[in-house]
Amino acid sequence: AKQRFPVTLYVEDSCKAPCQQARDFLHQRHIPFTEKRLVTKDEIDAFKQQSGGDILPTISVGRDWLKGFLAKAWQDELDAAGYPK
């Protein structure tokens, strides 16, 4: 799953509790992920263009984007990608 559907978590410094909940969720599921902190205007603009929004936290699972931390939706997406439960 990791090779076919890599997971990236997008966060920024102002995203406190929701981003921490997202990190904790991924760690609890033992999901290997890359964390991308959005700092510069260019990074934020590129993120908006790629993801189609500006809600954080957001994860990408392969080519799919999940905006905002919703445990059930994230769980379903990771299950569908073949990550262990």
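**Entry 1: the core**

I began with the largest nonpolar core, which has 20 residues, and asked which of them touch the most other members. They are Val7, Leu9, Leu26, Ile59, Trp74 and Leu78. For my notes, a nonpolar core is a set of buried Ala, Val, Leu, Ile, Met, Phe, Trp, Tyr and Cys residues joined through side-chain atoms within 4.5 Å. Strand S1, helix H1 (17-28), strand S3 (58-61) and helix H3 (71-81) each give at least two residues to this core. In soluble globular proteins, nonpolar side chains tend to be buried together.

A reminder to myself: this is a predicted model, where local features need pLDDT of at least 70 and side-chain atom pairs count only at pLDDT 80 or more, while totals for chains, interfaces and linings use all residues. Residues are numbered from 1 along each chain as its sequence is written, and side-chain values use heavy atoms, with hydrogens and water left out.

**Entry 2: Trp74**

Trp74 has a relative accessible area of 0%, so it is buried; the cut-offs are under 20% for buried, over 50% for exposed and partly exposed in between, with a 1.4 Å probe and protein chains only. What does Trp74 contact, leaving aside its neighbours within four places in sequence? I found Leu9, Ala22, Phe25, Leu26, Pro57, Ile59, Leu66, Gly68 and Phe69, where contact means heavy atoms within 4.5 Å.

**Entry 3: aromatic pairs**

I searched the whole structure for aromatic pairs and got six. The rule takes rings of Phe, Tyr and Trp (its six-membered ring) whose centres lie within 6.5 Å; planes under 30 degrees apart are stacked, over 60 edge-to-face and the rest tilted.

The Tyr10 and Phe47 rings have centres 5.2 Å apart and planes at 35°, so I logged the pair as tilted. This pair links distant parts of the chain, with Tyr10 in strand S1 (residues 7-11) and Phe47 in helix H2 (residues 41-51), 37 residues apart. Both partners turned out to be buried: Tyr10 at 11% relative accessibility and Phe47 at 3%.

Next I took Phe69 and Trp74, whose ring centres are 4.9 Å apart with planes at 90°, so this pair is edge-to-face. Phe69 is partly exposed at 21%, whereas Trp74 is buried. I also noted that ring pairs join Tyr10, Phe47 and Trp65 into a cluster.

**Entry 4: the whole chain**

I stepped back to the fold and counted three helices and four strands. Helices (H or I, at least four residues) and strands (E, at least two) are DSSP runs, numbered from the N terminus. From the N terminus on, the order is β-α-β-α-β-β-α.

A compact globule of 85 residues would have a radius of gyration near 12 Å, and the chain agrees, with 12 Å. That radius is taken over C-alpha atoms, and the globule rule is 2.2 Å times the number of residues to the power 0.38. The C-alpha atoms fill a box of roughly 35 × 25 × 20 Å along the principal axes. Of the 85 residues, 35% count as buried. For contacts with a separation of 6 or more, 62% come from residues 24 or more positions apart.

A polar atom of the Ser51 side chain lies 3.1 Å from the backbone oxygen of Gly53. Leaving aside neighbours within four places in sequence, Ser51 is in contact with Trp65 and Lys67.

Lys48 is also placed in helix H2, and it is partly exposed at 37%. Not counting residues up to four places away in sequence, Lys48 touches Gly53 and Asp54.

Most residues other than glycine have a negative phi, and most peptide bonds are trans. With that in mind, I looked for exceptions. The peptide bond from Leu56 to Pro57 is cis, with omega near 0°, and Pro57 sits in the loop between H2 and S3. His30 has a positive phi of about 60° although it is not a glycine. I found His30 in the loop between H1 and strand S2 (33-37), where it counts as exposed at 67% relative accessibility.

Definitions and conventions: Polar contact = N/O pair within 3.5 Å; in protein donor to acceptor, adjacent residues only side chain to side chain.
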